[in-house]
Amino acid sequence: MKTGLKLMAAAALLALAWLAHRVLLLAFFALVLAVVLSFPVRWLCRLMPRGAAVMVLVVAMLGAFAGAVALGGPALSQQLEDAKETAPRALKKARQWLYAKGAQQVEEKAGQAAQKASEVAVPALLAVVSATTEGVLVLVLALFLVAAPETYRKGARRLFPREHEAAFDEAYERTGESLRKWVGGILVSMTIMGTLAGIGLWIAGINDWLLLGLLTFLGTFVPYVGAVASAIPGLLIAVSQSPRHLLYALAVYLGVHLVEGYLVQPLVMKRAVEIKPALLLLGQGVMAAVFGLAGTIVATPALVCVQTLVDDLWVKRTLGK
């Protein structure tokens with residue numbers, strides 16, 4: 001009887017988790033962001049109470065955002081407008097090339113897609129509003145987590161039997177340390193990759209290099225998949241300029257990713273948390289299939305946590321290895 005009730009409770013929890021999977025993903029986003037914010041908060045806590053440190057951080061973030069908008073906003077806005085004009089030309093060239101190769105069907109499908117663009121305009125606008133709202137909620141939740149982490153740790157600890165509290169404490173500390181190491185490493189990697197891509201594209205004479213460098217910075221957060229996706233807009237803009245610029249842009253992206261593979265990964269990420277490429281790609285595929293794009297974005301930090309927990313709770317404690 002007790003076993004049946006436990007199975008029913010577990011099934012109910014799994015069903016509830018599936019129904020609320022988007023909320024759980026947002027909560028995990030907030031957790032990762034809280035880890036990012038914990039670095040400056042820890043430094044500020046040496047000088048002031050934690051609550052004051054969080055308030056100083058919020059003011060600094062608002063000031064940095066306002067300064068970035070004032071200084072880089074006009075240039076970035078102009079590059080966005082240029083990209084809006086450049087992208088259709090690049091796609092047109094690609095369609096013309098396909099048409100010349102006998103792909104009339106592709107041309108017809110592209111025309112049909114263009115006719116349907118107006119039908120998805122309103123849903124796209126609603127999606128932008130929804131994403132903005134969710135972003136604000138994630139930021140607020142992250143600030144609450146970083147302001148009083150011990151409160152939430154103690155609350156989660158109370159859910160475990162007393163004989164398992166020591167295991168919970170150790171697993172909590174190890175998982176938190178692994179996630180902090182990964183976040184620190186990926187932030188350094190993102191900064192290096194985005195800077196190198198932006199400078200390289202600028203030297204190569206590619207239009208909208210600042211926007212493309214920012215896309216590379218953001219894309220580096222998702223290993224492999226993000227790197228490929230962030231290179232596509234740059235190649236489209238380059239091909240709209242000339243075939244020569246396309247070769248330049250391709251050389252820049254290949255060079256940047258060679259630097260990542262042979263310099264950034266060995267020196268930065270190896271000191272953080274190592275996840276084997278096959279396991280990482282498999283995890284990204286599974287998360288994408290289950291949760292969509294959001295699952296792909298959080299796949300790597302989720303794998304970091306799962307790998308640490310499996311190593312601590314199963315390999316060491318259960319198997320004794």
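Tutor: Let's start at Asp208, which sits in the loop between H7 and helix H8 (209–219). Keep in mind that this is a predicted model. The backbone at Asp208 has a phi near 60°, a positive value in a residue that isn't glycine. Is Asp208 buried or exposed? Its relative accessibility is 5%, so Asp208 counts as buried, given that the cut-off for buried is under 20%.

H7 covers residues 165–203, and Ser189 is one of the residues in H7. With a relative accessible area of 1%, Ser189 is buried too. What does Ser189 touch? Leaving out residues up to four places away in sequence, its contacts are Thr220, Glu260 and Val264.

H7 also packs against another helix, H12, which spans residues 293–318. Their axes come within 9 Å and cross at roughly 145°, and the crossing is right-handed. On the H7 side, the contact residues are Ala166, Ala167, Glu170, Ala171, Arg174, Thr175, Ser178, Leu179 and Trp182. Across from them, H12 brings in residues including Thr300, Pro301, Val304, Cys305, Thr308 and Leu309, and Asp311, Asp312, Leu313, Lys316 and Arg317 are also among the H12 residues in this contact. Sorted by class, the contact of H7 with H12 has 10 nonpolar, four polar and six charged residues.

Methods: Residues are numbered from 1 along each chain as its sequence is written. This is a predicted model: local features need pLDDT of at least 70, side-chain atom pairs count only at pLDDT 80 or more; totals for chains, interfaces and linings use all residues. Side-chain values use heavy atoms; hydrogens and water are left out. Axes are lines fitted to C-alpha atoms, for helices over the stretch in contact, and angles run from 0 to 180 degrees between N-to-C directions. Helices (H or I, at least four residues) and strands (E, at least two) are DSSP runs, numbered from the N terminus. A crossing is left-handed if the near helix is turned anticlockwise from the far one by less than a right angle, and right-handed if clockwise. Contact means heavy atoms within 4.5 Å. Ala, Val, Leu, Ile, Met, Phe, Trp, Tyr, Cys and Pro count as nonpolar, Asp, Glu, Lys and Arg as charged, and the others, Gly among them, as polar. Buried means under 20% relative accessible area, exposed over 50%, partly exposed in between (1.4 Å probe, protein chains only).
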